[in-house]
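Biologist: Hi! I'm new to this one, could you walk me through it?
Modeller: Happy to, let's bring it up.
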Amino acid sequence: MAFWLFAGLAGLILLSACSKDDDNDGDESFFGISLTDWPLTDCSTSTRPVRDLVAYKLLDVPYKWEVDWLSGTTYIIQPDFYGPTSSFSYNDYLAKNLCSGTHGAYTNLIEGKSDVIIASRDISRNEKATAESLGVELETAPLAIDALVFIVNPNNPVKNLTSEQVRKIYTGEITNWKEVGGVDHAITPYIRDADSGSQEKMETLVMNGLNMIDGTYMPEIIGSQMVSPYMQLEENEYGIGYTPFFYCTAMVRDLLMVKMLSIDNVAPSKESLRKNKYPFVSSIYAAIRKSESHESMAYKLYQFLFTKRGAEMIDESGYIAIR
């Protein structure tokens with residue numbers, strides 16, 4: 001189904017590249033951009049709303065938050081089909097704006113299948129090795145604040161865990177909820193697949209080099225999709241999982257019933273993340289190939305993300321822009 005924008009009107013993007021380190025007040029010179037000139041973008045599942053919001057604003061497409069009718073488990077930012085007329089369709093938009101997941105987005109950027117990405121984490125060691133083998137170097141920079149949060153069934157009486165208790169649950173040293181102030185029942189610790197952004201953050205932010213429980217012999221605890229832990233925890237009062245804060249609070253919201261735990265007596269919230277009080281604060285990243293021409297639309301879009309006006313769009317999406 002087509003969605004429409006005023007003919008001849010286009011969104012705005014930077015006329016000339018400016019340093020991300022500049023104190024940018026948003027009063028830059030801009031020019032109109034059409035979908036034809038729009039670069040190929042990609043994103044993680046959890047960063048899709050911010051990528052789409054930026055794109056819709058710059059392409060002057062009306063949009064709104066609504067439940068993703070395909071899954072029914074998350075809210076996404078959709079173009080408003082009742083907006084004014086346009087010369088391109090939603091399928092045209094999707095052809096230039098992929099959502100391949102964190103690992104897929106980095107892979108596509110490295111292989112030249114996309115030009116700019118917004119991902120839930122920085123490039124991984126394996127992805128960097130792949131890039132080096134192909135003679136590709138990426139420029140990455142933190143764009144907004146997120147965090148890794150731990151979720152349980154709402155009926156679980158445990159409200160807080162220490163960082164050490166989390167690590168011991170995921171190394172298999174703590175196996176029963178009664179060891180952390182809960183009921184006398186075995187803990188089911190759900191994990192994510194190896195290439196996911198959530199798993200990379202779990203290993204680097206939380207585990208500090210410790211070996212996690214081995215999912216090889218317990219494939220039922222591994223979730224291949226971001227929503228997997230939520231689906232499991234709705235049915236299992238004794239499970240625990242981890243997920244990005246933004247995905248939980250902005251995308252899942254009230255569609256799946258889980259409870260976020262405090263860690264070290266700090267509840268995950270925008271305030272505790274902004275003040276860096278929550279223990280497992282992280283960042284989402286924008287990335288581009290270093291070989292990209294500074295005159296290209298891809299490079300100008302990448303630079304725009306770090307301007308004041310870009311930060312305002314990031315904040316509107318629900319993330320906390322890094323200024």
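Modeller: One term before we start: a residue is buried under 20% relative accessible area, exposed over 50%, and partly exposed in between. Also, keep in mind that this is a predicted model.
Biologist: Thanks! So is Glu316 buried, exposed or partly exposed?
Modeller: Glu316 has 40% relative accessibility, so it counts as partly exposed.
Biologist: And which residue forms a salt bridge with Glu316?
Modeller: That's Lys57, with the closest N and O atoms 3.3 Å apart. The pair links distant parts of the chain, as Lys57 sits in helix H1 and Glu316 in helix H11, 259 residues apart. Lys57 is partly exposed too, at 33% relative accessibility.
Biologist: How many salt bridges are there in the whole structure?
Modeller: A search finds 14. Another one of them joins the side chains of Arg289 and Asp115, at 3.1 Å from N to O. Here Arg289 belongs to strand S15, while Asp115 lies in the loop between helix H3 and strand S6. Arg289 counts as buried at 13% relative accessibility, and Asp115 does at 17%.
Biologist: Switching to strands, why is S5 described as largely enclosed?
Modeller: Because five of the five residues in S5, residues 75-79, are buried. Tyr75, Ile77 and Pro79 cover one side, with Ile76 and Gln78 on the other.
Biologist: What does S5 pair with?
Modeller: Strand S4, residues 63-67, in the antiparallel sense over five bridges. For example, Trp65 has Ile77 as its bridge partner in S5.

Key
Residues numbered from 1 in each chain as written. Predicted model: local features only at pLDDT ≥ 70, side-chain atom pairs only at ≥ 80, totals over all residues. Heavy atoms only, no water. Buried < 20%, exposed > 50% of the residue type's maximum accessible area, 1.4 Å probe, protein only. Helix = DSSP H or I, 4+ residues; strand = E, 2+ residues; numbered from the N terminus. Pairing = 2+ DSSP bridges. Salt bridge = Lys/Arg side-chain N within 4 Å of Asp/Glu carboxyl O.
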